[in-house]
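Hi everyone, thanks for coming. I'd like to walk you through a structure that may be new to you, so please have a look at it first.

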There are 4 protein chains.
Amino acid sequence: MDAVTPLTAAAPAKRARRKQARPGELLEAALALFVEKGYAATRVEEVAARAGVSKGTLFLYFPSKEELFKAVVRENAGRHVADAMREVAGYTGTSAELLREFIQRWWTQYGGTPAAGLTKLIMSEAANFPDLAQYYQDEVVQPSHALVRRIVQRGIERRELRDVDLNLAAHLIVAPLVQLVTWRFSMAPCCPAGLLPEPLALLAMHADMVVRGLRRE
Amino acid sequence: MDAVTPLTAAAPAKRARRKQARPGELLEAALALFVEKGYAATRVEEVAARAGVSKGTLFLYFPSKEELFKAVVRENAGRHVADAMREVAGYTGTSAELLREFIQRWWTQYGGTPAAGLTKLIMSEAANFPDLAQYYQDEVVQPSHALVRRIVQRGIERRELRDVDLNLAAHLIVAPLVQLVTWRFSMAPCCPAGLLPEPLALLAMHADMVVRGLRRE
Amino acid sequence: MDAVTPLTAAAPAKRARRKQARPGELLEAALALFVEKGYAATRVEEVAARAGVSKGTLFLYFPSKEELFKAVVRENAGRHVADAMREVAGYTGTSAELLREFIQRWWTQYGGTPAAGLTKLIMSEAANFPDLAQYYQDEVVQPSHALVRRIVQRGIERRELRDVDLNLAAHLIVAPLVQLVTWRFSMAPCCPAGLLPEPLALLAMHADMVVRGLRRE
Amino acid sequence: MDAVTPLTAAAPAKRARRKQARPGELLEAALALFVEKGYAATRVEEVAARAGVSKGTLFLYFPSKEELFKAVVRENAGRHVADAMREVAGYTGTSAELLREFIQRWWTQYGGTPAAGLTKLIMSEAANFPDLAQYYQDEVVQPSHALVRRIVQRGIERRELRDVDLNLAAHLIVAPLVQLVTWRFSMAPCCPAGLLPEPLALLAMHADMVVRGLRRE
DNA sequence: TATGAATGAGACTTCATTCAT
DNA sequence: TATGAATGAAGTCTCATTCAT
């Protein structure tokens, strides 16, 4: 700000920096708790505590628990779909490779991140927040399915894949992905080891099964 | 109630019958509401009202909301798995037929019934009721997966199917089934028509994909 | 209910009888406290305690503090005006007697009762509850002023009173009455004895002054 | 702030002037808001905002909301009574003229000014702040009533007025004045036009009524 | 057995007050 | 001196649970 006082310029405002960061910290804490315990069973004081602030501070940034919840959904919904669509559009390899690539990426960019909890959260709370469910439907589900349908259609047009119902195929390709994150945030924490398949191994086999299941013989 | 009025004499019998039925009616009502709104957001008074009794009556049959919830889970968990295991044991047809048969039956006997809401319910509440999650794991998930593994193993032994990882295969076969009911009780009510695939068509294609994906070429 | 069991008929339901009385008891308690401390400074728990019930019970009868407040106003507003209007309509004496009668009655039927606190309450809270202020205006103020204007007009028509502005006269006749109750519920409790004029003496002199001030000389 | 920038050198002076004025601006803002919404319903942040400063600044000048309130009352109470007493002492005209003069002056110097809101404020909050009510009683009510009693007594001694109870007469003379300001700050803002009498016309008629009501016939 | 009025612990939310900047 | 982010006590309201009828 001022070249004459570089010392203070380095620490412009500890408070101000926190203020910038607060909403994000609160949203992160809220996502984790809402996913774990559900909306109703999560107390705002817990969210605040996990974000390292007091109850009152939360309400400086979000006017109510419900608005906090909506912000959590909006913040995390549909951030990765757009990226993925662009990548698919320019892909030049075989459909088998594309499907494997897509499934792998889905895991590294969404399924394996904390943001994936949103999937379980929406599933659990859809009936209590119909407008959010609709929003998620529009912003995440529809674009994702459209993307998968496009991949399959590309394979059909390239005569690599059988001529199947695109909508059904999309559901069957997506289902194990969704199921994987749903499981990760619900039963998995209760069921120690052994029985949980390694996500990447599961996804590799899923890609393999899909390719075999769809390929033109 | 009054010996002078024989017209009402029939009542005690009817009431007795109702009395017998009460717990079942309450469990049914509770399942539906817990599935729809979640445990925390469901009020016991709603459950009682839906079962046609008063709030106080519910507490005559279940000592607390939590015990009601546990009863709901115990009542609905694992009723169908044992039957299915017996049927598989005596099956004589091909693996393709067996897989199709299994998937169809799963839908008609569980996935398409109100009891399937339990799957979504457990997903949503597992973290809040770890012992119930464990119970469900032991009574439903493990037996179901074991059953599916047995089907696949039978196919491998009969040299109809490839030699795949049984555990991964079981997860991939089950995932779309679980996903179907999860969806049915969460997003589906919000997303009118068109986009929802017909369950039986979806399951038929799933069976087809699984057979193609696993068969020995 | 049943002539054969007169003993139980005498005590049909202690609970039920309380339920009947509860809203009235709560309204009475609320009126007293709202008048004394104002709406914002009165805690619902105090109201409940004064009515002899717990916090939760209050909310069985009134959905919110604000609705309780509105019920208090509606319950107490304008109950006496209609009676007074009927009496004035049939009066046959002189205007001096009528004015004295009116003022005396106002005190015995409203100004001296707990319900008079409503006047101070509305004064204090009008800006925070504009719709209630309007309601009070319509149900109490306007009818009361109309009644007083009618009394004065009758006197003018009978050539007992001077031909004055009816609206101004009404305000000047009413002002000391309102002031008396306002004082009674605000300063009076703080200013012990001596300085407080005897209400009936004050009202008698007021009536006298009004008659002298309005009479045709 | 910076000697190198003479342009801003004027600022300290301006700010100093503001600093001097701060308490007054805050008291003015507080009076208006306390009158309008009551003590409890007024937030200190609103007071600060109306005075053009931040919440924290208010607490530099007043240690608490309650002290701010007390300062508001002390600042506005009893400023005009002393002046009026002096004027009455040297008056040489008739009692009728004196009463008219007194009532007119009361309006121009108090009743028509923002400070008159204090009357309504004290009335509303007396029970919550008994010591302030006492203070107001001592500093404003008693002196005012004493002044009015003196005016009436002077008229009696000059054989212009009847020999009435001085205390009652004072209450009846003051009541419409108090009522006028009370109304002005409570119901008036809700009741658009038409029905509100013109203050000066009302006061003129009041003076007229008082003179007629008290004069020796 | 059935009811529903009553309770009170606990949740969300507000706001006077503090304090680092 | 001035700011406004942060705090937490206190208030409103909900709802599981009890119990007199």
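I'll talk about two chain-to-chain interfaces, and please keep in mind that this is a predicted model.

Let's begin with chains A and B. Their contact takes 50 residues from chain B and 50 residues from chain A. About 4,400 Å² is buried between these two chains, with carbon and sulfur atoms giving 68% of that area. On the chain B side, Met123(B), Leu172(B) and Met209(B) supply 15% of what chain B buries here, more than any other three residues.

What about charges? Across this interface of chain B and chain A there are 4 salt bridges. One of them joins the side chains of Arg162(A) and Asp208(B), at 3.6 Å from N to O. Several helices of chain B supply at least two residues each to the side touching chain A, among them helix 1 (10–37) and helix 8 (130–157). Helix 9 of chain B gives the most, with 11 residues. By class, that side of chain B has 29 nonpolar, 12 polar and 9 charged residues.

Now over to chains C and D. Here the contact takes 50 residues from chain C and 50 residues from chain D. The two bury about 4,300 Å² between them, 69% of it on carbon and sulfur atoms.

How many salt bridges lie between chain C and chain D? The count is 6. Among them is Glu217(D) with Arg215(C), whose closest N and O atoms are 3.8 Å apart. Finally, helix 10 of chain C gives the most to the side that touches chain D, with 11 residues.

Terms used
Residues are numbered from 1 along each chain as its sequence is written. Chains are lettered from A and ligands numbered from 1 in the order in which they are written. This is a predicted model: local features need pLDDT of at least 70, side-chain atom pairs count only at pLDDT 80 or more; totals for chains, interfaces and linings use all residues. Side-chain values use heavy atoms; hydrogens and water are left out. Contact means heavy atoms within 4.5 Å. Buried area is the accessible area (1.4 Å probe) that two parts lose on being put together, summed over both. Helices (H or I, at least four residues) and strands (E, at least two) are DSSP runs, numbered from the N terminus. Ala, Val, Leu, Ile, Met, Phe, Trp, Tyr, Cys and Pro count as nonpolar, Asp, Glu, Lys and Arg as charged, and the others, Gly among them, as polar.
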